[in-house]
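Subject: Structure handover

Hi,

Here is the structure I promised you. My notes on helix packing and domains follow below it.

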Amino acid sequence: MAQTQSGAEGMTSLPALLHRNATQFGDSPAYREKEFGIWQCWSWAEAAAEIRKLALGFLEIGVEKGDHIAVIGRNRPAHYWSMVAAQMVGAVPVPLYQDSVAEEMAYVLEHCGAKYVVCGDQEQVDKVIEIQENLHQVKHILYTDKRGMRKYDHSQMNALDDIMAEGSAGHARFDTELDKRIAAITYDDTCVMLYTSGTTGKPKGVVLSNRNVIESAKNSSEFDHLTRNEDILSYLPMAWVGDFIFSIGQAYWCGFCVNCPESADTMMTDLREIGPTYFFAPPRVFETQLTNVMIRMEDAGSLKRKMFHNFMAHAKKVGGLLLDGKPVSFGDKMKYALGNLLVYGPLKDTLGYGRFRVGYTAGEAIGPEIFDFYRSLGINLKQLYGQTEATVFITQQPDGEVRADTVGVPSPAVELKVDDSGEIHYRSPGVFVEYYNNPDSTASTKDAEGWVATGDAGFIEESSGHLRIIDRAKDVGKMADGSMFAPKYVENKLKFYPDILEVVLFGNGKDRCVAFINIDLMAVGNWAERNNVAYASYQELTSHPRVLETIKAHVEEVNKSVAADEMLSGCQVHRFVVLHKELDADDGEMTRTRKVRRRFVEEKFHDIIAALYDGSPNVSTTTEVTYEDGRKGSISATLQIIDAAVVPAAQHKVAAE
Amino acid sequence: MLDSFEGYVTEDGRKIGGVVMEMKNITLRFGGVVAIKDISFDIREGEIRAIIGPNGAGKSSMLNVISGFYVPQEGEVWFHGAKRPPMRPFEVAQQGIARTFQNIALFEGMSVLDNVMTGRLGYMKTNIFQQALWKGKAEAEETENREAVEKIIDFLEIQHIRKTPVSRLPYGLKKRVELARALAAEPKLLLLDEPMAGMNVEEKEDMSRFILDVNDEFGTTIALIEHDMGVVMDLSDRVVVMDYGKKIGDGTPDEVRNNQEVIDAYLGVSHD
């Protein structure tokens, strides 16, 4: 790895990139936000002016070099500006998950020692004030939305607008200091600190330098030929590394426009209005959209329905090939063009993908049917594999080599190796500097040569050079008979059914596997409506005999397909329960990025697991739940345990050969 | 009583001003039925004033007297220091009084945005022909009013249903749209007829928040009728209690809560 000191193309920090964008193409749009029903727009020059005002404001309230500034709020230009303004004054921005409850937030705020907090609204301010009662470290709280804030004690509190106004009024006093601080930023200074949600243990603060962010942004932008004409929709949590790289790293490197939705509830409408050219979403978003399309098609008239199914079948046949640039017969091409006019085009517009040029899904495995559905419409959806510690990119799929079952080839400048135990390691310019105040964890994750252990098990396919992920390395175990236990493999197969939202498989060290299943309220609720199944609550729906029957059929189908895999045939689901509550991050059962915390779930529901193994026909349980405002309550239920048919393992085949 | 001085300061430090509306010895009859019997009370600027009472106590009738929909047979209504003559509803609206209804009265087939826009009708000066032509003045006027409406949509957090027909909305949201329409008229006095009726706990909390925010942000005087005692006691500055058309209590929530007559009306008295 060449260690440049001058930065990529002479650019050593985000403020430097901002300056370049504002001077070279100051009139192009940099940020849009929908407010009061209209898309408000800021050009790069305007954004640069706003950010400078904010940085002056930070100086005014006394932000020192090296201070941490926490940012808690939804995706809004002002919050992105706060982060860049923080960098300008030599401070470190720390975006936090806005839906965290106060105690989670307290840990992170204390750990990074943030003296300044930028809050989106009153709700976040209230949380910070609650935390401050025990913490006493926050010097100043800033807020974006003034609503409901009038009655608060403002001795240590200010609206972001107000400090911007004060900062720019006093610019004569602070200009020199600000320019000095901007000039002092080096390529290896901290750019941002992001807390990983962590499927186990406490969150860790990942320190990323300007080098990490700029090199990763540069390499990945070149990989997909991103230009300054892209439009992206920023709706994913700001605390997540992906949003930081897409909405700040790549946006500043390429100079493209970041569009912020009006509110979390309007995201789908805003997506349609913007029609992003470059898009990122976890599989869940694509799944939900596909479920919506299917539900609406079932309610549509018979002509529309016939047209949809006819052309979708054709798209399935040739759409993917066309997108990959493979040869397709003339007749098929013509039919596809007609389909584009009648079905695919309007459908893409409705989904908001009319201008979609390139996009990624990551974070979880995506169902092959779902993936192929979008690809066949001509939407260039690809997969990538990444981590906060890698500044996102480890592997990505190049255009023309996109498959549902791999995560692609190593990203530019990334070296990859798989060790003897099957764990994936990587080394790249994006490799994080350290875990903040946690040298032990840093040492156990990153070795002296800069190789980082991902904690995921996988292998590189000989034929294509693509990486395939099997599971979290720690989750892969052995059954009592010594065969392999890879829960995610089975869980994903089950989750591909629209009725099933979440699955947790147990069986490590046991003689057979059992599972918890969460139904998808939207899909099952819609089914219930169409079939005149009455229910009063989620809990009642989960225990409805016909729902259980459907889920049982899904499990048995999956068992058949699992049995066909020699290595994993032991992972068939023998018994399962449909849980009476959705697994939820507020209850600690999932991370904020919606990954199941297996160990926690295992402990919390140990009584249900015991019942699954001891053969009892049902189990009564009481579960503690946490409401959004942090209050606790409990729900009790008697869950029915279902036995699923299993297929005798593939040993017969081995014997026959 | 409070009548002896101009204004007072609430527990949470809000300054309440002078009398905006005064009801003097109101009696309202429907044929032989006496709905309201000789009731007097006032509403002060910037306060949240609740009218409570058991079913059939005459609360809604009282609200209709305030809104000018019913004209009482006896008594006087004083508004901003002047005696109010009998008025048609639109004249009342022009005076700066807006209301919501117990059983939602929205235009079901119209979108949320259009419904809220109707709240601005009092501010539209162009005639039907100008609006049909959609040139110059009419267009500018609509833009101006749309801006005011969008601020209210933002305030009540209903952006996601802006274009949704009202008939497709759940009950709780319809109530919020109704509040939005009333607010669009920028009223000085807002009358809410059972704003929380039929809502679940979460919806009630949201609605309470909005009512407090409206009062706080816009300084709107609010008079409301409500059944949920918890809500009334939390929200209001002063409460009038009615029973069988008579006023049986008037004062701060604490005073009312400890008033024996009120307790009897709500819990009943034994007849031995």
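The domain bounds used here come from an automatic or database domain assignment. Keep in mind that this is a predicted model.

Chain B first. Its domain 1 covers 1–96 + 189–272, and its domain 2 covers 109–186. How far apart are the centres of domain 1 and domain 2 of chain B? Taken over C-alpha atoms, the separation is 28 Å. The two domains touch: domain 1 of chain B puts 10 residues into the contact, and domain 2 of chain B puts in 9 residues.

On the domain 1 side of that contact in chain B, two or more residues each come from α2 (89–94) and α7 (201–218) of chain B. α7(B) gives the most to this side, with 4 residues. By class, the domain 1 side that touches domain 2 of chain B has 7 nonpolar, 2 polar and 1 charged residues.

Now chain A. Helix α2 (residues 44–60) of chain A packs against helix α3 (residues 77–88) of chain A. The angle is about 60 degrees, and the axes are 8 Å apart. That angle makes α2(A) oblique to α3(A). Their crossing is right-handed.

Which residues make the contact? From α2(A) come Ala47(A), Glu50(A), Ile51(A), Leu54(A), Ala55(A) and Phe58(A). From α3(A) come Trp81(A), Ser82(A), Val84(A), Ala85(A), Ala86(A) and Met88(A). By class, the contact of α2(A) with α3(A) has 10 nonpolar, 1 polar and 1 charged residues.

Best wishes

Definitions and conventions. Residues numbered from 1 in each chain as written. Chains lettered and ligands numbered in written order. Predicted model: local features only at pLDDT ≥ 70, side-chain atom pairs only at ≥ 80, totals over all residues. Axes fitted to C-alpha atoms, helices over the stretch in contact; angles between N-to-C directions. Parallel < 35°, antiparallel > 145°, perpendicular 65-115°, else oblique. Left-handed = near helix turned anticlockwise from the far one by under 90°. Contact = placed C-beta atoms within 7 Å. Nonpolar A, V, L, I, M, F, W, Y, C, P; charged D, E, K, R; others polar.
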